[in-house]
Amino acid sequence: MALSDFDLVLFGGSGDLAMRKLLPAMYARDVANDLPATARIICVGRADASQEEFLQTVETTSKPLIKSPAVTPAAWARFTARIVYVSLNATDASSYKPLVEALRKEDTITKVYYLATPPAIFAQICEALKENGLVTPNSRVVLEKPLGRDLASAKQINAEVGKVFEESQIYRIDHYLGKETVQNLLALRFGNILFEPLWRREWISDVQITIAEKLGVGNRMGYYDTSGALRDMLQNHLLQLLCIVAMEPPTSIAPDAVRDAKLQVLRSLKKFTPTTLAQNIVRGQYRAGHVDGKAVPSYRDEPDAPEHSRTETFVAMKAEIDTWRWAGVPFYLRTGKRMADGLAEIVVRFKQIPHSIFNQPTNSFQPNSLVIRLQPDEGLRMNLMAKTPGDGMRLKQAELELDFREQFKSPRMEAYERLLLDVLRGQLTLFMRGDELEAAWEWVEPILDNWESDDSYPLPYSSGTWGPAAASALIGRDGLQWREEVLPED
């Protein structure tokens, strides 16, 4: 669908997200000829820089990060001609005159305000836009995470932004939902008859969702130590992936049909009590170790880390969904920094065969599993039992694999490219609704309350491992293992 003309306003336009992700994403869409000829990108920052100075910053900071498509002089010149730099204080409505003058006045031009800023100033920016007459029915606002620290702050953000923008104008972004594999999960479930009859407790043993990072906290200590893995990754990314795996078939791909189905999952998650929380959640913090053969420091030895920080860098949990489809099926969620590998994947494991007709005991068979890999290499893998070549009837696990890069030769969109296009098109399906956000926080809040009242420290784990041993014990109590613990030998 062709885009209508737009002005995309990036608050925090000189910040890390804009330079690393948003501008490269818009460059890729420009090269693909998706952008109208007169569409513009207005970068808003506090620095008192000239247009030429800002473009030089883009040249040295953003341009080197563009790997594909290749940057050519002509394409780069066309793209940077779209960029306008505006200096103002985003929290001071009286300083918005340069933005008012920069924006085109025609009602036919879509105006998108992307708030790549701390959420503490979301409300002030929205109110300043309203005071300066910059909010119209054709305006949209994009809210970058973190969307609150708890249920109360999430409700406050929703209420304050909702005073200025209608819910249909608000795009709460989660870049994981822009990944091609997540779209293919929807296609897999609802575009094929094969899986739907099996997508339930009678046939599925368990579901594992992992987002693991090799990197440590890096230069984000100021943010991360007040957030931790539960707020930073689990409350949003992992819960959104869980919703797509577990939701009932929506009536259509329309935004509210999909979001209604996800909301029902969030509301059906069994809430933790102090007892079940202690039994079913493991939190850890990385210590010194080796990642890819290189020595790395512990979390508390990272620059600017508090000496006695109790912030978790790892969380593993067993969650349950109280519905007819999923009753009794455990969902294991896991995320951590400084892990043995960097990956994001969903593993749906089916139940064991009830009886072996071969000269092998049933427990020698690996249950069938569907592995949905989100990164680093996006694809689908189905693990089946098959006969090994040669005499006799000996079965061994084999894989059917769909590599998206090999199967589909057309250029692939990065997550932010897809999501920015959806914002510009007015397509809300991949963005969280306000009640979704609040339902996720409502489920997470008892965990936060428990940890804040508990003066114990997260369990230590060595960098370059898969987290504390307690995470293996958590899943082991159910007679199961994390996927990397059961991978077949080569």
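What radius of gyration would a compact globule of 490 residues have, and what does the protein chain have? The rule gives a value near 23 Å. The protein chain has 24 Å, which agrees with a compact globule. The model is predicted. Its C-alpha atoms fill a box of roughly 80 × 50 × 45 Å along the principal axes. The secondary structure comes to 15 helices and 17 strands. Of the contacts between residues at least 6 apart in sequence, 77% join residues at least 24 apart.

The protein chain is divided into domain 1 (6–144) and domain 2 (177–410 + 433–485). The C-alpha centres of the two domains lie 35 Å apart. The UniProt record, an unreviewed entry, places the feature "domain: Glucose-6-phosphate dehydrogenase NAD-binding" at residues 9–184. This span is 39% helix and 16% strand. Its end C-alpha atoms are separated by 30 Å.

Buried residues account for 51% of the 490 residues. In soluble globular proteins, nonpolar side chains tend to be buried together. Here, the largest nonpolar core holds 149 residues. Phe-11 and Leu-99 touch the most other members. Helix H9 (residues 228–246) gives the most to this core, with 12 residues. Both domain 1 and domain 2 supply at least three residues each.

Phe-11 also contacts Leu-99 itself. Beyond its neighbours within four places in sequence, other contacts of Phe-11 include Val-44, Leu-88, Tyr-113, Tyr-114, Ile-125 and Leu-129.

Methods:
Residues are numbered from 1 along each chain as its sequence is written. This is a predicted model: local features need pLDDT of at least 70, side-chain atom pairs count only at pLDDT 80 or more; totals for chains, interfaces and linings use all residues. Side-chain values use heavy atoms; hydrogens and water are left out. A nonpolar core is a set of buried Ala, Val, Leu, Ile, Met, Phe, Trp, Tyr and Cys residues joined through side-chain atoms within 4.5 Å. Buried means under 20% relative accessible area, exposed over 50%, partly exposed in between (1.4 Å probe, protein chains only). Helices (H or I, at least four residues) and strands (E, at least two) are DSSP runs, numbered from the N terminus. Domain bounds come from an automatic or database domain assignment. Contact means heavy atoms within 4.5 Å. UniProt positions are given in the numbering used here, feature names are shortened, and annotations may be inferred rather than shown by experiment. The radius of gyration is taken over C-alpha atoms; the globule rule is 2.2 Å times the number of residues to the power 0.38.
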